[in-house]
Amino acid sequence: NAPNDVFIVARRGREVAFDALSEYMINGDAERRLSVYAYTDRPVYRPGHKVHYKAVLRRPMKFGYELPDASWVNAEVLDGDGKAVHREELKVSQFGSVKGEFNLPVTAGLGYYTVKFTAGRAESYASFQVEEYKKPEYEVKVRASKPRVVQGEKVE
C-alpha cells in the first residue's frame, strides 16, 4: 500500500466522517514534512503590474507546528503554458516566511499564472490571473417617487 492509500473512518451514531492522510503526514522523510501556505496580494493583475507573493513555512509536529529548518526557498513564476518567466531564491525569515515580487512585462500573455515555491522536496503553489482592463458593461437607472424631497424625508 502506498501512503496515499491510508484512510481514517470515524462513526458516531448515524454520522460518518472520512479523511485521507497526506503523504507528508506519515512519511518519515523530514524534507517532505513541510507545510507551506502560499499566496499573492491580489487574484488579478494587468500586464505591467507588480505581483507580490508570500509563503509561510511550518513543519508539522505531533501536536502543532514548528519553524522549518529550511533557510532558503526557490520561487518560480510560471505562465499559462507552464513556462518559467521568473525565478529567484528567497531567504526564510526568522518567522518562517518568505516574500518576493515580480514585474509583469507590459507584453505579458493573458491567462492563469502560478508561483511555485520549493524548499527541498516540499512544494506549494499560489496562482493569479493576468487580464486586460475591461470597462464595466452595465448601466444603472434610478427613479424617485417624488421629484423633490426635504432632508430627513423618506423616498422610495
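## Briefing on a mostly stranded chain

Among contacts between residues at least 6 apart in sequence, 49% join residues at least 24 apart in this chain. Keep in mind as you browse that this is a predicted model. Its chain holds one helix and eleven strands, and the average pLDDT is 83.

**Layout**
- The chain has 156 residues, and 26% of them count as buried.
- Its accessible surface comes to about 12,000 Å², with 50% of that belonging to carbon and sulfur atoms.

**Where the confidence lies**
- A pLDDT of at least 70 is reached by 86% of the residues.
- Strand 8 (residues 84-91) has the highest mean pLDDT among the elements, at 95.
- Helix 1 (residues 23-26) sits at the other end, with the lowest mean, 41.
- Over residues 22-31 the pLDDT stays under 50; for this stretch the model has 17 contacts beyond four places in sequence.

**A closer look at threonine 114**
- You can find threonine 114 in strand 10, which spans residues 111-119.
- Threonine 114 counts as buried because its relative accessibility is 14%, and the cut-off for buried is under 20%.
- Beyond its neighbours within four places in sequence, threonine 114 is in contact with Glu76, Val77 and Leu78, and also with Tyr125, Ala126 and Ser127.

Definitions and conventions: Residues numbered from 1 in each chain as written. Predicted model: local features only at pLDDT ≥ 70, side-chain atom pairs only at ≥ 80, totals over all residues. Heavy atoms only, no water. Helix = DSSP H or I, 4+ residues; strand = E, 2+ residues; numbered from the N terminus. Buried < 20%, exposed > 50% of the residue type's maximum accessible area, 1.4 Å probe, protein only. Contact = heavy atoms within 4.5 Å. Areas by Shrake-Rupley, 256 points an atom, 1.4 Å probe, with all protein chains shown as cover. pLDDT = per-residue confidence, 0-100.
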